[in-house]
Amino acid sequence: MYASRESAPQKTENLPLVGRRAAEQFERNERTAKVRPRLLACLDETPYARNVGAHAVAIAGSLALEVVLARVLPESRSSGIPADPIAWQLRQHSHRKALQELANEVGVSPDTAEVLLTGEPADELIDWADTNGAALMALATHRNCNRTGLGSTALHILDHGTVSLLLVPPRHEQPVARYKRILVPIDGSARAESVLPVALRIARTHNSQLVLCHVVPRLSGLNAFSLGSSSELSAEIERQNERHARESLEQLRLRAMEDGIDVQVRMLGPDDPRHALCRMSHELEADLVIISSHGATALSDIPCGSVAEYLASHCPMPVLMVRPNLVTGLRQDTCDSEGQSVFRFG
């Protein structure tokens, strides 16, 4: 079982701030270079845990990630009485056995690591991911299949965690092991397009169709006012935006086709990108949505953009939200001086 804490490096304590950050980043890179990047699959006690595990295995296989199965046990708070150590060991044994059974069901390697943590689920999972260098975390959006939106654990991890997320809605049916159609929202920004190498890799390993979708947003009232409140001018700007979007999509399609992937493009709007993309995911019957955590707005002081958050909360299919620090086990991955992942085609 993995330890949930690692001691901080001592030799960086007396360095100046900039030097200490550089040294700490170097030491993190040294540690992670020696191990295969990990996908932390959070499997709770609900019947939907196998769905999370199955999708985690599917993504990990495509991105060459080591799967680690995790479960968080809440602390006993009954009348302030300390937990019986024997009962606690039996409880741990029971949960570890349950994780092993889930591992067999979803096809994880027999030597897959299992982690049992104790405490508040969101905080424990975030801490383990940060301490042990997890590149991606897979978890259910909530514990009830009759609910929409994100549950408290998923929402807390989205708001306070730093790793990329695979958010899986709870479903009763057995999960499929292959993605037939993958939807990738594109908004014309470099951040949005940076997920394409990840999407291409997953599409290649699953023999999937890739659908690149751009929604031309409606001009807001403020934009229309600043441009003279002219409906004709607003319509012309929207037409220009659509023309540029089509040209960009076609370039991306041609680049992606070089990998032998079946790539389709879709243009929508003018419309609200959140609602239009959610409708499109239904119409396409997509098996997976891959989206950058931030798009054209590029507001780095928020955990994710409004479109990414809406899709994660409302899509009935898994959403892979890629953050800039995602590192896979593929050889072409590199990191820049700030520790950000740099994905490249080819």
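**Structural briefing**

Arg143 is exposed, with a relative accessible area of 57%; here exposed means over 50%, buried under 20% and partly exposed in between, computed with a 1.4 Å probe on protein chains only. This is a predicted model, in which local features need pLDDT of at least 70 and side-chain atom pairs count only at pLDDT 80 or more, while totals for chains, interfaces and linings use all residues. Residues are numbered from 1 along each chain as its sequence is written, and side-chain values use heavy atoms, with hydrogens and water left out.

**Overall architecture**

- The protein chain contains 11 helices and 12 strands, which are DSSP runs numbered from the N terminus (helices: H or I, at least four residues; strands: E, at least two).
- Of the 346 residues in the protein chain, 45% are buried.
- Among contacts in the protein chain with a separation of 6 or more, 76% are between residues 24 or more positions apart; a contact means heavy atoms within 4.5 Å.

**Salt bridges**

- The structure has 6 salt bridges, each defined as a side-chain nitrogen of Lys or Arg within 4 Å of a carboxyl oxygen of Asp or Glu.
- Arg143 forms one of them with Asp44, and the closest N and O atoms are 3.7 Å apart. Arg143 is in the loop between strand 4 (134–140) and helix 5 (152–160), and Asp44 is in the loop between strand 1 and helix 2 (49–63), so this pair ties together parts that are 99 residues apart in sequence.
- Glu66 and Arg38 also meet through their side chains in a salt bridge, at 3.9 Å from N to O. This pair links distant parts of the chain, with Glu66 in strand 2 (residues 66–73) and Arg38 in strand 1 (residues 38–42), 28 residues apart.
- Glu66 counts as partly exposed at 22% relative accessibility, whereas Arg38 is buried at 10%.
- Arg274 pairs with Asp272 in a further salt bridge, with 2.8 Å between the closest N and O atoms. Arg274 is partly exposed, with a relative accessible area of 29%, and Asp272 is buried, with 19%.

**Second largest pocket**

- The second largest pocket holds about 540 Å³ of space. Its lining has 26 residues, and those closest to the pocket centre are Asp187, Pro273, Ala296, Ser306 and Val307.
- A pocket is an open set of points on a 1 Å grid over the protein atoms alone, where a 1.4 Å probe fits, with protein on both sides within 12 Å along at least five of seven lines; lining residues have an atom within 4 Å of a point. Grid points are joined across faces, edges and corners, and the volume is the space filled by probe spheres set on the points.
- Strand 7 (209–217), helix 10 (273–284), strand 9 (288–292) and helix 11 (306–314) each contribute at least two lining residues. Strand 7 gives the most, with 4 residues.
- By residue class, the lining comprises 14 nonpolar, 8 polar and 4 charged residues. Nonpolar covers Ala, Val, Leu, Ile, Met, Phe, Trp, Tyr, Cys and Pro, charged covers Asp, Glu, Lys and Arg, and polar covers the others, Gly among them.

- In soluble globular proteins, nonpolar side chains tend to be buried together.
- The largest nonpolar core has 52 residues, and Val184, Ile202, Leu210 and Ile290 have the most contacts inside it. Helix 2 gives the most to this core, with 8 residues.
- A nonpolar core is a set of buried Ala, Val, Leu, Ile, Met, Phe, Trp, Tyr and Cys residues joined through side-chain atoms within 4.5 Å.
- Beyond its neighbours within four places in sequence, Ile202 is in contact with residues including Ile59, Leu63, Tyr179, Ile182, Leu288 and Ile290.

**Leu102 and its contacts**

- Leu102 lies in helix 3 (residues 85–106) and is buried, with a relative accessible area of 9%.
- Leaving aside neighbours within four places in sequence, Leu102 is in contact with Leu43, Ala49, Arg50 and Arg71. Leu102 and Leu43 are 59 residues apart in sequence, with 8.6 Å from C-alpha to C-alpha.

**Backbone phi values**

- Most residues other than glycine have a negative phi.
- Ala64, although not a glycine, has a positive phi of about 55 degrees. Ala64 lies in the loop between helix 2 and strand 2 and counts as buried at 17% relative accessibility.
- Glu285, also not a glycine, has a positive phi of about 55 degrees. Glu285 lies in the loop between helix 10 and strand 9 and counts as exposed at 62% relative accessibility.
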